[in-house]
Amino acid sequence: MIIKAKNNFQFILFGATGDLASLKLFPAIFDLFIQKRLPENFQIIGYGRTKLNNEEFRKKFKESIKRDYQKHDQELEKIIDKHVFYFAGQYDDQNSFRELKQFCQEIAQNDKYIQIAYLSVPPTVFGPIIKNLGENFRSSKHELRIVIEKPFGVSEDSARKLFNELSDQFDEEQIFLLDHFLGKTPIQTILDLRIQNSIINNLINGRMIDNVKISALEKQGVEDRVGYFDNVGILKDMIQSHLLQILAFITMDLPVTPNIESIHREKLNVLSAMKFTSKKNDVVFGQYENYPVKNSKTDTFCAVKLYIDRRDWYDVPIYVETGKKMPENKTEIEIVFKKMSFQADSVPSNKLIFEAKPGETAKIRLVQENSECPDYTCQDLEILDLEKSIACSSEGCLGDYASLILDVINSRKVFFLNYAEIEAAWRLTDQIFECRNTPSKYREGQKGPDSYQEFIKND
Ligand SMILES: NC(=O)c1ccc[n+]([C@@H]2O[C@H](COP(=O)([O-])OP(=O)(O)OC[C@H]3O[C@@H](n4cnc5c(N)ncnc54)[C@H](OP(=O)(O)O)[C@@H]3O)[C@@H](O)[C@H]2O)c1
């Protein structure tokens, strides 16, 4: 089923001259446009301090699209002529926002539309934009939705402060807290599979599971994101939101009636129950050799062992590992099942694997290669490897940003974060961060520092 936008809308993009806008957001909107999912009446309004006129901004928009959509010249001309605008203004200036509101009214082609304010700016600018938007747009007759990208704060305290600023101006249903990982098809499929497939859902039960491992490894270094990354580090960049959210989808109890509220409630329950022992040998921090910032202590590798303080899960270790300059590109969740009492240590465990990178598959490995079993039972044991693509392959696939932007237009919040979840995730992340010491060095292509091999061996 092709889901279309249900509302006329104005998409006001703060930070429209930045990287995220041209690399991800313009192509995502264009994708929705060429798939005919957008209504007749919509406007994209780029906002920034850079002084551009409509034509200059349209040129920028076009350049960012041209790279990937060479066969869509006609649609590109159409969207640019009819739907793309620019408004130059300051982020901390009331007048700019008053004029912006006026501008939005002038270019609107319809009486009824929603307004989406997307904050694609560095977090230091969130405060003034939130205040000015609230004060100037609250009285608008058009419903305003505000979208903020993760990282939401840099600690539990800063996240709470930011959320207070937001909720001073907006109601909770207007606030969309975005983590683009949750827009990825393989990640959304974890929830779909649990809801639709009782075999898979019944398998994901802590009593049957030996351990869970989630890996997000990439061969690239920090490259041109160094300015952002050096202030954050990989624990806060990858684990705090992306990986803890995925873990929550895997380990939460499935509600009896799955809906947006019950799914968020169960995710919050499991995130609040995640525990870190605060033992220094349950976490490893590393930094790759030749990291571009001299004397920086920023982590580019982090591995941590967590537990979940719930009846079925309390003794199941959860291993999280993520790093840059790794030997491979891999994003994968591996659920390793307990062995039967008679199985030797050498027999590999059965596994359920969700892979998001490099392939997009769900795999169940029921009987392993090299399995040993007593003579009197199975002479002809076969490996039973079930592998199913979970890549979007039907007509009208959408990338992560396109899928989430459509969700904002349609006010569908299941794949957005809710604030209580963010706070629970920060509480855990802050505890892990407190154990941080100077990260040990590792070579490019090595999976973490030598101390990580020790960590694995001990477990
Ligand atoms: N890039 C990514 O792949 C990515 C991924 C996930 C999340 N994010 C988040 O998305 C947001 C935008 O990312 P981005 O990479 O596009 O950021 P960016 O390029 O650094 O900044 C976007 C725009 O914000 C304005 N800006 C930059 N620094 C500013 C400052 N100090 N004060 C006021 N305005 C400033 C600039 O526009 P004007 O000068 O024209 O006003 C700039 O073009 C950030 O919050 C980032 O953490 C980015």
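1. In strand β6, Ile 175 is the bridge partner of Ile 146. Strand β5 (residues 144–149) and β6 run parallel and are joined by 4 bridges; two strands count as paired if DSSP finds at least two bridges between them. Strands (E, at least two residues) and helices (H or I, at least four) are DSSP runs numbered from the N terminus.

2. This is a predicted model, in which local features need pLDDT of at least 70 and side-chain atom pairs count only at pLDDT 80 or more, while totals for chains, interfaces and linings use all residues. Residues are numbered from 1 along each chain as its sequence is written, and side-chain values use heavy atoms, with hydrogens and water left out.

3. Within β6 (residues 175–178), Ile 175 and Leu 177 point one way, Phe 176 and Leu 178 the other, and all are buried (under 20% relative accessible area, 1.4 Å probe, protein chains only).

4. A right-handed β-α-β unit is formed by β5, helix α6 (residues 156–169) and β6. Right-handed means that, with the strands pointing away from the viewer, the path from the first strand over the helix to the second runs clockwise.

5. The ligand is surrounded by 19 residues, the closest being Thr 17, Arg 49, Thr 50, Tyr 91 and Val 121 (a heavy atom within 4 Å). Polar contacts are pairs of N or O atoms within 3.5 Å. An oxygen atom of the ligand lies 2.7 Å from a polar side-chain atom of Thr 17, and a ligand oxygen atom is 2.8 Å from a polar backbone atom of Leu 20.

Conventions. Buried means under 20% relative accessible area, exposed over 50%, partly exposed in between (1.4 Å probe, protein chains only). A polar contact is a pair of N or O atoms within 3.5 Å; within protein, one must be able to donate a hydrogen and the other to accept it, and residues adjacent in sequence count only if both atoms are side-chain atoms.
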